[in-house]
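Subject: the two-chain model

Hi,

Here is the structure I promised you. Have a look at it first, and my notes follow below.

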Amino acid sequence: MTDLNSYIAKLDKAIEKYIPSKNTPLYESLYKPKDLYRIPLDDAKKMQLKTIKHSFIHHYNNNKFYHNFCEEHSFSPEDIKTNEDLDKIPLIPDKFFKDYPDGKEFATWLANIYTGDLPKIVIKQKKPTYDDVIDAFNRAGIIVTYSSGTGGRHTFVPRDKRTFLNSEYILAKSFVTMMYPFWKYDSYGYLLMPNPRKNFIYAGKAVEVYFDAVKDVDVAIDRRVTTELISMTMGGAGGIKSKFVRYFAYKKSKKMIDDIIAWLEKHENTDHKITFVGAPYILYAVMEKLKKQGRTFNFGERGGVGTGGGWKIHEHKRMPVSDFRKEVQNVLGFKDKYILDIYGMVEGNGWMVHCPEGHYLHVPYSFYKPLVLDDEFKPADYGEWGRFAFLDGAAQSYPGFIVTGDRVRLLRRCPVCDRPGPVLEPEVKRAKGEDVRGCAEEVRKMLSSDLGS
Amino acid sequence: MLSVREIKEKQLIPQRPQLKMMIGGGLALSKTLLVSLGELKKLRKIPSNSERYNRPNRTYDLKKYESTMKSFMSHEKYLRPTLWCDPTEPEVIALAHQLGAYQKSDREFAEAAFEFVKEKMTLEILPFNPVSETIKRGTGTCIHLISVFIALCRAAGIKARYKMFAMNMIQAWYDTTVNVDPLIKKWYDSMGYFMIEGEGEAYIDGKWMVAHVGPRAERQAAGGIPVTKFGEDSLGNWFFAIPGSIMYMESIPIGLGGALRFLNKLAPGSMERVNISVQKQIERGKKIISQAGGIEPYNLTARKKKGPSTPELELRGKEQIVFE
């Protein structure tokens with residue numbers, strides 16, 4: 001068996017273009033440690049302080065709205081001396097990224113939340129839609145990714161190329177590390193999300209690295225999913241056009257399930273390694289269909305799954321992660337240790353991944369600081385339930401110091417495995433009063449909610 | 001009779017997003033009614049032996065109008081009379097004076113008008129009427145109440161306008177205004193949003209300032225949200241605008257009044273159920289505020305729970321963004 005250092009070195013070779021820039025704190029805290037989850041705590045603390053402080057100074061100096069926000073809170077870079085001081089960094093509620101105007105002002109809004117120098121962005125339309133503006137930014141090298149709540153209000157986050165590559169590198173390295181020694185480039189993947197090469201919806205876009213980390217990747221939703229289409233399929237728009245769109249989405253989804261089953265059949269009697277990455281809901285629908293047909297597969301150690309984005313399988317039903325793993329073991333024959341969930345969000349670049357031993361969500365603590373806030377939004381102790389917040393040292397194009405709408409419990413270390421860093425309880429929920437969201441939930445709604453029944 | 005020019009100038013014709021939403025809402029309502037004819041028959045009127053809505057007594061006295069009271073007659077945009085909002089009505093002028101018109105600064109007067117409408121008047125779903133009637137009655141839909149606020153500002157020489165949008169809302173609001181009537185619930189759920197909601201805006205010191213006069217402090221307490229002040233938006237607090245739906249207008253557009261009248265004819269029981277629920281919400285809120293020790297202590301706790309403040313973002317044009 002390959003040792004972990006050589007294993008990660010191989011991954012780095014496959015995804016070389018994503019590696020953080022040299023001579024930066026992020027390079028030291030993200031690229032250099034081979035196993036992100038086994039960095040000795042004292043070393044990780046130093047890296048965390050250096051990386052997050054560096055990021056804070058960058059946003060403080062180059063982002064007008066955040067600078068003003070910090071001044072309102074009487075907080076400046078000089079106030080950061082220890083890791084504990086990081087907790088005082090002014091946090092931005094995630095709602096901030098949902099409060100945007102439309103038309104030309106949307107472009108101005110994006111430009112105003114962006115940290116640093118913008119390239120020239122040309123918008124040709126007189127009354128640009130959100131998609132027109134996103135396309136214009138993308139042509140200029142800024143990737144505006146988005147996600148949405150069930151109300152159809154998107155969260156828009158502008159990422160420069162560097163921030164986007166950071167996010168993808170972190171995702172690949174975090175997942176592959178936890179899957180050790182499963183990963184190899186010469187394998188086959190199925191992305192259960194919209195094609196990232198055609199889309200900006202974060203459900204999928206962040207997984208573009210999958211195409212470089214794995215030799216052959218198929219995509220479940222191989223079409224452009226625009227903000228307008230999301231609005232129509234998620235019920236945010238009425239009218240005949242929306243009904244047609246929803247009907248065709250439903251029809252295509254049925255075919256998608258058959259295509260995935262055919263793909264499984266193709267790899268069944270080979271020695272190929274296969275992985276699924278994306279919305280659990282789609283794989284759940286595949287397994288439901290196989291169960292109805294009385295069929296199972298036995299991929300054993302050759303199969304792996306990385307899920308993300310939420311666990312709703314029907315409009316009113318949420319599936320426990322552990323039940324999902326059992327289903328994958330029973331129907332596809334994959335091993336429990338290779339069925340891992342990943343937790344992340346459009347506003348952040350850190351990805352928390354299940355450990356194979358206990359399925360707790362491990363935090364990449366060398367450049368990313370997780371916080372749990374109590375009812376009064378003050379940092380709570382380890383072991384308390386509260387609202388998830390984070391300080392993200394990998395965000396360069398927007399301040400990644402954010403309070404989310406997710407309810408979590410943070411533990412000082414994993415109760416099951418021997419990795420030293422902090423973990424979140426396996427299941428993340430939405431805090432009271434927040435709308436339902438999650439990229440898998442978006443995909444579920446897009447595909448029509450009856451697929452799995 | 002208004003001329004075509006006036007209709008256009010005063011923005012009486014619904015704007016495109018509003019037209020789209022009204023058509024969408026109309027279609028969704030038709031579908032809801034068609035598939036729920038039996039329910040409609042059962043629910044359209046509340047049986048006499050069931051709980052009925054009793055309009056609350058007006059909680060304020062009104063000063064009598066005197067012809068010597070200074071008033072502001074203008075044909076200027078945002079100051080002149082518009083549909084269902086006439087700042088030259090005697091009751092409006094009298095109330096404006098009662099609240100300190102021409103004695104206070106623009107901001108102080110707008111704040112007084114805001115506090116009065118928001119905290120002294122009560123939400124009641126009913127068809128549109130002139131502002132003077134709303135003032136005499138003390139109740140109205142959020143658009144009635146916004147019209148009172150706008151008329152008072154205009155009567156004091158302060159420009160004021162409507163801000164309309166389609167929205168969805170926090171669960172507590174949904175439970176008291178939507179979930180209380182099966183027909184309204186079906187209608188709302190079929191669209192995923194409510195097609196029209198609004199706020200007022202007053203032009204103070206060179207800036208449009210928002211005024212959401214719809215909910216009294218008690219209703220906000222019952223919903224678990226802070227008691228908002230002049231300048232604080234409902235959007236992002238308990239309402240969330242559907243992207244692209246926010247419109248600014250001088251007047252309530254033609255057609256909205258007719259739609260409300262039609263709904264009132266079609267399902268008066270549904271409106272009554274919402275009104276009953278609003279009264280209950282106020283009672284619940286009263287208890288919550290009293291348990292907290294008053295509005296201020298309640299508000300302090302609610303604001304802490306609401307979370308950290310959101311950064312202010314001033315939209316400044318950037319030379320790198322080129323519109324061709």
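In chain A, residues 24 or more positions apart make up 72% of the contacts with a separation of 6 or more; two residues are in contact if their C-beta atoms, placed from the backbone, lie within 7 Å. Bear in mind that this is a predicted model: local features need pLDDT of at least 70, side-chain atom pairs count only at pLDDT 80 or more, and totals for chains, interfaces and linings use all residues. Residues are numbered from 1 along each chain as its sequence is written, while chains are lettered from A and ligands numbered from 1 in the order in which they are written.

Chain A has 14 helices and 18 strands. These are DSSP runs numbered from the N terminus, with helices being H or I of at least four residues and strands E of at least two. Of its 453 residues, 54% count as buried, meaning that 20 or more other C-beta atoms lie within 10 Å of a residue's own; 12 or fewer is exposed, in between is partly exposed, and C-beta atoms are again placed from the backbone.

On to the cores. A nonpolar core here is a set of buried Ala, Val, Leu, Ile, Met, Phe, Trp, Tyr and Cys residues joined through C-beta atoms within 7 Å. The largest one has 133 residues, and A:L110, A:L192, A:A220 and A:L424 touch the most other members. Helix 7 (residues 161-178) of chain A gives the most to this core, namely 9 residues. Another core, of 76 residues, lies apart from it and includes B:A96, B:V131, B:I150 and B:A160. Leaving out residues up to four places away in sequence, A:L192 touches A:A220, A:F276, A:V277, A:G278, A:A279, A:I282 and A:L283.

Now the interface: 39 residues of chain A are in contact with 31 residues of chain B. On the chain B side, helix 2 (16-35), helix 13 (295-306) and strand 8 (321-323) each supply at least two residues. That side has 15 nonpolar, 10 polar and 6 charged residues (Ala, Val, Leu, Ile, Met, Phe, Trp, Tyr, Cys and Pro are nonpolar, Asp, Glu, Lys and Arg charged, and the others, Gly among them, polar). Strand 8 of chain B also pairs with strand 2 (residues 121-123) of chain A, in the parallel sense over 3 bridges; pairing takes at least two DSSP bridges between the strands.

Within chain B, helix 5 (residues 106-120) has as its buried residues B:F109, B:A110, B:E111, B:A113, B:F114, B:V117 and B:K118. Their cover includes helix 7 (142-155), strand 4 (194-204) and strand 5 (207-211) of chain B.

Most residues other than glycine have a negative phi, and most peptide bonds are trans. A:N23 has a positive phi near 60° and sits in the loop between helix 1 (4-14) and helix 2 (25-31) of chain A. A:N23 is exposed, with 7 other C-beta atoms within 10 Å. B:W84 has a positive phi too, of about 60°, but counts as buried, with 20 C-beta neighbours inside 10 Å. The peptide bond between A:Y180 and A:P181 is cis, with omega about 5°, and A:P181 is in the loop between helix 7 and strand 5 (188-194) of chain A.

Cheers
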